[in-house]
Structure formats: C-alpha cells, structure tokens
Amino acid sequence: MDFKNVDKKYRPVPFWSWNEKLNVPETLRQTELMDEIGMGGYFMHARGGLQTEYMGEEWFENIAACIDECNKRGMHAWAYDENGWPSGFGGGKVTGKGEKYWQKYLRYMPADADRSQIPENRIIHISDEFCFYYDVNPFYVDTMDAEVIADFINEIYEPYYEKFGSSFDGFFTDEPQISRNGIPWSLTLPAKFEEAYGEPIYDYLPKLYIQKEGFFEARMKFWKLITELFSASFMKQISDWCHAHDLKFTGHMLLEETLNSQLITNGACMPHYEYFDIPGMDWLGRPIFPCLTPHQVASAAAQTGKKQILSETFALCGHNVGHDELKRNYEWMMVRGINIMCQHLQGYSLRGIRKRDYPPAMYIQQPWWDDYKMFIDAMSRVGMLLAEGNITTSTLLMHNQTSAWICFDNAENPGLEHYNQKLIEATVALEAKHIPFHLGDDIMIERHGRVEGNKLIIGEMTYDTVVVTEHLRYLDYTEKLLAEFKANGGKIVTVDELEPNPIIDNPNITYATREFPDFTMHYFVNSTDSKQPATITKGSYVVNIVTGEKEKFTSDYTFPAYGSLVVIDDGTGDAAPKTLDISGEWDVVNATENSLTLDKCTYWFDGELQQENGYILNVSTRAYALERAVNIKCQFKVDIEYIPEKLYLAVETPEIFKISVNGTEIDKTDCGYFSDQAFRKLDITKYVRLGENIIETEVLFDQSPETYENMRKAKIFESEKNKLTYDMEIESMYLVGDFGVRCNGSFERIPHSAYFYDGTFTVVAPTEKVTFRDIQKQGYAFFAGKLTVKRTFNLEDTNLKLSLCKKGVNAIHVKVNGKTLPTLMWAPYELDLSDVLVKGENEVEITIVNNLRNLLGPHHHVAGEIFFACPANFYDEGSVFTDYQSGFYTEKYSLVEISLI
C-alpha cells in the first residue's frame, strides 16, 4: 500500500463559516488557500454574522463558484442544510408556517386544575387524574412529523438540486433533535402509537412520569416509537431524498455522550446513524473523558457498512490550543473509529461577534496556518488506513438505552445514572484489555440482527462474544436473539471474564487494528499527558504518520505524552546524545508585526458618560438594549515611549467611525489588513506623540428594526441566536507595528500555563533579546505571529540534541548552520543535532509560531485560561450570548505563557 499519498477523500472537510458579506473573488481565494494547505473540501455553512441573504441570489452565486472550483481541484463541496443550527427550521421558512410545524413538549397537571391559560387545541387528553397538554417552541420544528420534514426538504434541499443537480457532494445536517425541554410530543403520536401497538396512547401517558403498574412496558413502547418516528421522519426521509438525487448525507446528532443526554434529544442515537452515508459525531472543548459518543457512531457505521466516520471537532478549545492537544483529541477519537476530520471553525471573517464564535479559529487568520499541513497530512494518513482497512471486531457490548427509557421519569430518573455508569465502565475495561468491541443497540438489532449458529450478526458485522452489563430489560427481539445465540453455544460474558489481548502490556494505551490483504495495522494511542513505556508483541515496521515513510520497529517503546504509533505487521546501538543548553538570551532577528489590544475605553451615549475605563464589549451590549439610534463616543488612552517608523491602528469597519488621535481627525486611507481581512490598518504615525495619547471614535450607532426583533427572538431559543447578525458592532482596536509592549504591573501565576496581569501597558522600543521562558513578558504580551531568534554556540561535543518544552506555541522551526530541520508540532519536542553540528562555532536559529489567544482572548474571565471557550467567556455584562448572566469578569488580563523551556 502507498502510505505516502493521501487522496482528498480522506482529507479534512472543515466547517467553513459563511459569516460575512460574501463575494465570489474572496470565496475563490479562500478555496485556493484551503487546497494548498491540504483540505479535502468544505461544508459551506451559513452562520451568525452572515450579511448576504441566506439562499438568495448572491448566496447561490457563491455556492456555484465553490462547486465549480472544487470540481476543478478535485475537492469536495458540501452544502450545510441550515442557517445556523439545529437543522430543520429552514432559516425560519418552516417554523414560519404555524403551530403544526413547531416543536412540542408533553406536559400535565391535575385534572381539576385551572386550565384557562392552556389553548383548547393543545389539550391532549383529560382523565380522572390528569390533564395532558403540550407546550410549543415556535423557533424549532416537530422532527417526528414526516410532513414537516418534507417541507424542510422542499424549502432547503430542493433549491440546491434545482440549481446544481448532483454536481456537489451532498448535505450536512447538524444536531436535529426531538426535544431540549422534557418529554417530546407530536400531533402525529396518537395515530402512530395506535398503528404500532393496536391501542390508544392515552392510558400510557401517566406511566411516563409515575411508576404505576406496567410502566416498564409503557416507557419502552413510548420511547421506541419516539426514536423510530424521528429516525423515519427526519433521518430516513432526508437520506432517501439524497440518494434519489445522487447526493450524500452526513452530519451528527445532539448530546450523544450518555444514556441520559441522548434520551430526550434523540430517543437513542445509534438507530439514526445508519441513514448517514458518512455517520458523524462532534466533540467540543479540550477535555476528553470516557463516554459513548465515538463507540456508538463507529459501531453503527461498521454494522451498516460505512467506511468513513466524521467528527466535527475542536470547537471551544480556545485560540491557545496546541497541535499536540488537537492531535491528542483527534487520535483519541480515531483509535475508537473516527477517520475524517471536520474542523470547527473556519470563519470567512473574524469581524465583530465572529471572533468569539466558539474558538479557536482554525483558519487563515492564525499565525500557524502555513504549518498546518503537517498536522493535516498526519491525521489524514491515519484516517485513510482506518477507513480502508477491514474491521474484524468480534466482541459486542450490549447497549443499555432501553434501561434508560425505563428509568426516565423527567424528574429524578432513578437508576438511570447507575446503568449509564456500568456501561461506561465496561467500555473503559474493554479498552484497558485492548479488546476491540462494538455496541449493540436494540433497534439496530431489531432492524439488522440475526443468529447463525454460534454467531450473532448485526448487518455487516459478525460477533462470537457478547458482553452484558447490569440492565433492566432489552427489547423482545433482542432477548429472543440472545437466547438463541446462547443456546447455539455463543459466548455471553461479563467484562471481567475476558482475558486481555496480549498485543501490548500497558493498559493506558488505547488500541485499534485493521486487516489489509498483505498486512495487519496495529494502531496505538497514548491520550495521557505523561510518558507511557510499553512492550508491543507484533510488528515489522512503523509508518511515520507525517511523511508516510517506513521506520524501524522496536517492541519496547516509550510513548511520549499524546504520542501514537502505527505499526505494520507483514510477517517479515549508538550512544544517546546529550542536550544542548538553550538557557540564556537569544538575539531577535525577525518578527511579524507586534500588537497591543485596546479593549478598555471611556464612553458616552448622546453626550452622557456611561462608564470610565469600561470594557469594550459593554458598549455594544448597552447600546443594543436601548433599541434606538445612539451617538457613541469612545476614548482610549495609550502610553507611548517609542514611535516606530510606521504605527498602525487596526480597526473593524473603520468607514463607519470618525476617528481622531490627540484631537486630530485622522486620514483613513486603507493600509492593508492585520491578521484578518476585517482588521483594516490605518497609519497613525504622524498623529501620535511620546507620553499619553488619546484615540477617539465616534459613530451614530443603530440597527434595523429586523435586527432588534431578531435580538428579542434570540433570547428564547438557540436557533435564533445561532444565526444572529448585527448591522453595526463596536469592538477592540489594535495598535500594530514594530515595537515592544512593556507591562507596568504584576503577574500572578494561574492554572493552564497562564497568568493574570494587573496593570497598564506602554509601547516601547522593539525587544532585541529574549530568553525562552515567558516570552509574553518580554515585549510580546499580545503577540500573534512568528518570532525568529538565533544564537551562536562554540562546541567541542557535537553529539547533542535540542530538547524543548513548549507552552503557548503551535509550531517550532529550527535551522542549524543554515540547514533546515523537521518542524516540531507535538511531542517529543526533540531533534538530534549530531549530523548538523560541527566542532567550533555553530549558529542555531529557532522560529516559534504561536496563535491568536493573547491577541483575541478571552482576556477577562475570572477563570483565566479557559479550556472550554465559548462566546459567553468574552463578556462582562449580561447579553444574549451569556444568557443575561454577569459576574464572571475581572479587570485583570489573562495571558497565556509562551515558553520553550
């Protein structure tokens, strides 16, 4: 097999957030950049901030350009089926058609209670004890009503096909759901229940909440039907439409992690995955932990013969996330079956609210963009092997979702967490024993299960061992098959009864395997943050995941933190170098433009002082609340001790502001952009002076009536918030140029390799020398870019290695005596220098590439460096993005550490 070349079908397909005014030349430019860096395609994703009419003429002009360009480049263009998320409301077109289309929730009250506030048409049934009725959510749809989803298809899917036929790959659907607010209801339920079970639903309703006689049966029947209605009405109907039009269907469900989280949102996750051509999941934030998510989707994919499995990943990790951590998270998923990456998020623009859209920005604005291909190549190469290899898993772990249905009462849910924990513990134990396994879902077994001799077959997969954990009951068909399997000599066991797989002896290493015609791949992953020594019992050579080259295999191997190993089994001592001492000062030889973030100002509304030295995002938040036009003046103070040859002010939408420096209105001639196309540079060199400087902006700030209405809607349900767009925004500004930033206050060490800084900043002369510890304190507090330093070493011993310990850095480039060495992006951060060093004088040059974290924040959250970063983390006062809560703000600045030692 050719390990070196990775076809584009295995390469990432990121969320490309169309969050700005679109124009075809810019759209094509960004497509070219994605192709150059190694992307396989993209999902064209309408999102908050979009200034072009969703599915209007200009929208489809850009879609057409993307499809044509992708087809020319061999890339894969996918449509995203919603304006924001969750999918189904059609950007408001479907929900705008009335109550039949709206999401509904089952409610009850005593039969003799006052019902005057309940519309008569919403009363479902009145018994001697209870009155059952439904509530509505007018901002989302009834996904169990096939007619509603048919209308969604007609409004969103059909226009794409009418314009583009099958010239693009297909559609992504995002987090469709049955409920987020209790037990779901649909106007179709009474008839569907009677059709399925031959009796009315009404006598069953009290048993959904109360443990009356027969509640096991009532809850199992109800939730099985709910799951199947959702599966048939939404998933299968869209899948069938796509296949009839020669298009593919992908996406992911909502809250897949546990038995409880997936219950009211999906009924059960696994039955829905089979209708995806590429089943998917998502994983948000940096933390990883035992859960059901990757196991469920990988199991359903294998059982239904789907080779590729997608993960929408990296949202909320924060701008400071390293590629070692990204690799850790994605390989944690890949070793459990995921094999195609969907990065969240590539923003068309970072203007305004867009920069806070669940960072990190995984895109061209990042200083590390040019180094990104190394990560993409490595992850795509492993994904290719996982997708193309044959899965030979023979162990089935029974899923417990039916037990969750029985326990769920929409209140205390007694026993539910117990059964969830037992299932999670079983997955952890099987992984520690290195036994590959799949999950067995009752509905999937009912659809595709059978017994042949002493084998249990689910679709494409055959199992000879079934593992059970504590449970209440399975569906009748499952119980029948398990009894038949056992009677035929099939093995039904607990996890404790299984012997470990001897392939590797360290339980902290996770394992997967794939069979190829002429070799077996063994894939080992260390998801821990510590070194893990291990002995591997099979292997012929190792595949370098970055290059595809074959390397020597050794059975005794120490996995570095977040390390992995692809070992190929096809049947077929030098002295260790010492470490080069890199402590001390290094000369700065080159740096991208430095920056100082201006995010505090004194501001006035219509001449009335609102806040002195206030946080910049408070300005817009307070102005939006007025719901009227207001004249806003903001005054920023900047201390300058050094004026560079060129000093720029980077401003978003500078055309709407009157801008003055030290009382003089400035020339707003555009001088290019800084970091993002929206951050326009204005030359203010001639307006500044040594000492205190005053920068003022003034604007008549207003929104359209439609925007104010959308802000009110956004308070109610997430679909409205997720597509919210403002007409005008007031954001931080940035001083940009060749200068240093002196921190005049004090630093306090906080968790996550970060500091709180309390004090002011001064623009000073550029830094000439740095040490490798806390570079952010050495003139680079807000730096986002590439910093190159060098140093000369006089050496007698040339058997040396470079050993680094990176923090706040994404890529490290090294040159020794003019020779370029391999780029470092994950552990081990070591390079053998013995072949490039000479006795005597040696020049070592190191370029560090960091990220947008210290430039864009969040700077002022009381928790400091956030490992689960969302829009709310950036705000001081209550807003639509914080659910109108406040109290998490600090005047101090959180800055992450930038160090190599």
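Me: Why is Lys100 called partly exposed?
Reply: Lys100 has a relative accessible area of 30%. Buried means under 20% and exposed over 50%, with partly exposed in between (1.4 Å probe, protein chains only), so Lys100 counts as partly exposed. This is a predicted model, where local features need pLDDT of at least 70 and side-chain atom pairs count only at pLDDT 80 or more, while totals for chains, interfaces and linings use all residues. Residues are numbered from 1 along each chain as its sequence is written, and side-chain values use heavy atoms, leaving out hydrogens and water.

Me: What makes Lys100 and Glu147 a salt bridge?
Reply: The closest N and O atoms of Lys100 and Glu147 are 3.1 Å apart. A salt bridge needs a side-chain nitrogen of Lys or Arg within 4 Å of a carboxyl oxygen of Asp or Glu, so the pair qualifies.

Me: Which parts does the pair of Lys100 and Glu147 tie together?
Reply: Lys100 lies in the loop between β3 and β4, and Glu147 in helix α3 (residues 146–164), so parts 47 residues apart in sequence are tied together. Helices (H or I, at least four residues) and strands (E, at least two) are DSSP runs, numbered from the N terminus.

Me: How do you know whether Glu147 is buried or exposed?
Reply: The relative accessibility of Glu147 is 56%, so Glu147 counts as exposed.

Me: What is Lys221 called, buried or exposed, and why?
Reply: Lys221 has a relative accessible area of 16%, so Lys221 is buried. Its salt-bridge partner is Glu217, at 3.0 Å from N to O. Glu217, at 38%, is partly exposed.
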